[in-house]
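Biologist: I am new to this structure and would like to learn how to read its features one at a time. Could you take me through them slowly, with the general idea before each case?

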There are 2 protein chains.
Amino acid sequence: MAHEAAIQALRALLGDRLATAQSHRDLHARNETWFAQALPDAVAYPETTEEVSRILAICHEARCPVTPFAAGSSLEGQHLAIHGGISLDMTRMTRVLAVNAEDLNCTVQPGLTREALNTELRATGLFFPIDPGANASIGGMAATRASGTMAVRYGTMRDVVLALEAVMADGTVIRTGSQARKSSTGYDLTHLLLGSEGTLGVITEVTLKLFGQPEAISAATCRFESVEDAVNCVILTIQSGLPMARIELVDEMMVRGFNLSSDAGLPEKPHLFLEFHGTAAGVADQSRAFAEIAEDFGATGLALAERPEDRSKLWALRHGAHYATGALAPGKRTMSTDVCVPISKLAEAVTAAQARSRALGLTCSIVGHVGDGNFHCGLRIDPDDAGELETAKGFVNALNDLALSLGGTVSGEHGIGIGKQAYMAREHGAALGYMRAIKQAYDPRGILNPGKLLPPEDA
Amino acid sequence: MAHEAAIQALRALLGDRLATAQSHRDLHARNETWFAQALPDAVAYPETTEEVSRILAICHEARCPVTPFAAGSSLEGQHLAIHGGISLDMTRMTRVLAVNAEDLNCTVQPGLTREALNTELRATGLFFPIDPGANASIGGMAATRASGTMAVRYGTMRDVVLALEAVMADGTVIRTGSQARKSSTGYDLTHLLLGSEGTLGVITEVTLKLFGQPEAISAATCRFESVEDAVNCVILTIQSGLPMARIELVDEMMVRGFNLSSDAGLPEKPHLFLEFHGTAAGVADQSRAFAEIAEDFGATGLALAERPEDRSKLWALRHGAHYATGALAPGKRTMSTDVCVPISKLAEAVTAAQARSRALGLTCSIVGHVGDGNFHCGLRIDPDDAGELETAKGFVNALNDLALSLGGTVSGEHGIGIGKQAYMAREHGAALGYMRAIKQAYDPRGILNPGKLLPPEDA
């Protein structure tokens, strides 16, 4: 068995919370997208920071890879143990350690999911707004700098994480940040760890900003004759300063997926899914102001969803986009793109993506957190069909190049993982060397999620 | 002359933009607080990124210290060349390189001041909200992670910087971030450089988020019987979710300073200085809601300032706090503290600071960006009076310890520089070693602003 010494030491530490059975390994080898399964040699289930620290000390000593895992919902293969070693399953660390309602923050363990956190918070009048669709873990969301539908109003994980506890490669436990809302004391290690995908340290506690539940919430949908009209409506809405809580693009192919998977009964045209937060009067003002803008772009069928159950239905549909894309071509896998461009370039980027996918004959849905300039194409492919795989990769490549040429980025929220390393040098140029220098300084033995985020040196 | 080889090479590069005359060196040796003057060996005045790159390459080769300088307004000695070498004066790099109004951003050179930027932006309907009082340079504000009066609404430099260009120790030019509003591609070098005080690289371009000028603005003042009442009013205002644009505490001693320095004619009681931004109706709603809360804490004399000239007068007074503190004890110097605590702990921290300064017989004004939990004590001291200096240092020390014990930080916005290094280990513990590792990796010869931010290894 590979890494036998490490596994024996870990078993001595964890007992039956160190699993080598095939069933445990299989469960940690899966992913939601098109990547090949990747089996860890063993799965460790720590329950405390102290245990995570000891696990890392053992693996550091034995040079055994450690790949953090929680919900397994990452979309660029971040949680896959592609070099074997230990899958570090954080799903037993799910406690809410503190809710400081008067300071509008909370501290949680990394395995807690965002939905479980919001259930815990319900009675406080506060909520946690970051919402990537999947019921992801807070630790995973921190590690990939996740965002989602409400980022346009409340920000991303970059904006709402106040402090972290993390275990570094050799087992050293550090704390970054504080409960203070701001600080100017030294290098910002909180933001360095956010988005580092487990390659610099393992996040063991997260302190999050919380927000007051809005007095009034109203959701809505409307449809347009073209994606271009829908996106231009979004651009003007954002530029006019309307404080949208959600403004999501769903193209006609995505609507077809909703109709197939959920019998949604929507006209197969580009839609916007919207939400307004504020006082009752404020929400009414916002939705009136939006309706005026939308009318100028030919929007029809503007329908409000004000009852909680209607809103939930609407957002459940939107959050099911990844699965609904599956209904467009059953039996295949989904390759998801994730570019983000300056908002003024969004119509150009979305229409180019739609036209190119059609020209290439790809089955492609488009959804987008368009208020941020961020959108995803969901391509249904058979990874064993070399031609189709190449066509899809070529599409992603061209879209990434377009995003960079428009002043954007190759990932708004999914991260790099194993899927996007080829674009790191293109996006970051000489800065990539300064990223490598940090990895080398923090994890000289390369045990932390090896093979992720940074491309191979000779690539 | 020290560093003669470097200075000769720099003169060959820059001609008379490399100055060794005493007058130039003196101008760069000054500071606004109590630190001793520190003379650079020479002052370099680059005009382009390319020149900054060549300057650093020369200084790297010659192991000559380089200390970035612009407005000279930093409050912890960040701009002082305490190990000699080159003062890198960025005040000739003041261009606005791009205003992308439709994307709500701009890119500027680092020597541009925040006031000059807002003058440039006036016709666009956009503005840049970060406002530390002093007319600081954008580069310096980025390097110290500055904030100021509007951070409670618009965030700090941490929140509004989208992208940077920086020159690293050996002259390598890197770009971090993009015009996209969010990104998950690799380690967040933008946030690593923000707040690094010129110790990791020299910032040569900054891309900033901009905001639409509010439709309506209303400022106000009111007074309270005690600092505790004023702060408790702030706490409830923030907790109730009122979107304050500014909410500033000015204690009775600070008011006395305003009266002495500006003949302000204000009752010498604790005041709040406020500003509301929004639609006309929204601003009226906000100020009504605030008035109701304030009344519960015994506020009196609530006076609105709605005309631009009245608002300007009000904020000019507030921004003159550092100088007005001087009027409380002419002929001395000001030592400024800068703690930030969770908002629920703010009354405890402010009242403790006020009581302690009185017990110690210190001349002390208190002003605060209290919506963030951040406040400053301005102590007037004679640095040559060893007893008074020790008393003041002891006060700062105790206040920092209190802030840390309350879950806060020893600097909300002024940074570490030379003044706060002693607290780095206390605030960051084992994380400090991970900060040192980055410095070592990025600047192995220690030429970038040596002696700043990180305490000596043996301290």
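Modeller: Let us begin with exposure, for which a residue is called buried if 20 or more other C-beta atoms lie within 10 Å of its own, exposed if 12 or fewer, and partly exposed in between, with C-beta atoms placed from the backbone. Asp263(B) has 8 other C-beta atoms within 10 Å, and is therefore exposed. Please keep in mind that this is a predicted model, in which local features need pLDDT of at least 70 and side-chain atom pairs count only at pLDDT 80 or more, while totals for chains, interfaces and linings use all residues. Residues are numbered from 1 along each chain as its sequence is written, and chains are lettered from A and ligands numbered from 1 in the order in which they are written.

Biologist: Where is Asp263(B) placed, and what is its phi?

Modeller: Helices (H or I, at least four residues) and strands (E, at least two) are DSSP runs, numbered from the N terminus. On that basis Asp263(B) sits in the loop between α10 (252-262) and β14 (271-278) of chain B, and its phi is near 50 degrees, a positive value in a residue other than glycine.

Biologist: Is Glu197(A) buried or exposed?

Modeller: Glu197(A) has 29 other C-beta atoms within 10 Å, so it is buried. Its phi is near 55 degrees, again a positive value in a residue other than glycine, and it lies in the loop between α8 (189-193) and β10 (202-209) of chain A. Gly195(A) is also in the loop between α8 and β10 of chain A, and it counts as buried because it has 28 C-beta neighbours inside 10 Å.

Biologist: Which residues is Gly195(A) in contact with, leaving aside its neighbours within four places in sequence?

Modeller: Two residues are in contact if their C-beta atoms, placed from the backbone, lie within 7 Å. With those neighbours left aside, Gly195(A) touches Thr144(A), Arg145(A) and Gly415(A), together with Ser184(B) and Asp188(B) of chain B. By contrast, Gly195(A) and Pro243(A) are 48 residues apart in sequence and 26 Å apart in space, C-alpha to C-alpha.

Biologist: How many residues does each chain give to the contact between chain A and chain B?

Modeller: The contact takes 66 residues from chain A and 66 residues from chain B. On the side of chain B that touches chain A, α17(B) gives the most, with 7 residues. For residue classes, Ala, Val, Leu, Ile, Met, Phe, Trp, Tyr, Cys and Pro count as nonpolar, Asp, Glu, Lys and Arg as charged, and the others, Gly among them, as polar. That side of chain B has 25 nonpolar, 30 polar and 11 charged residues.

Biologist: At what angle do α1 and α3 of chain A pack?

Modeller: Axes are lines fitted to C-alpha atoms, for helices over the stretch in contact, and angles run from 0 to 180 degrees between N-to-C directions. Helix α1 (residues 4-14) and helix α3 (residues 49-62) of chain A pack at about 160 degrees, with their axes 9 Å apart. Angles under 35 degrees count as roughly parallel, over 145 as roughly antiparallel, 65 to 115 as roughly perpendicular and the rest as oblique, and α1(A) and α3(A) are therefore roughly antiparallel to each other. Their contact has 10 nonpolar, no polar and 2 charged residues.

Biologist: How many helices and strands does chain A have?

Modeller: Chain A has 17 helices and 19 strands, and of its 459 residues 58% count as buried. Its C-alpha trace spans about 65 × 55 × 45 Å along its principal axes.
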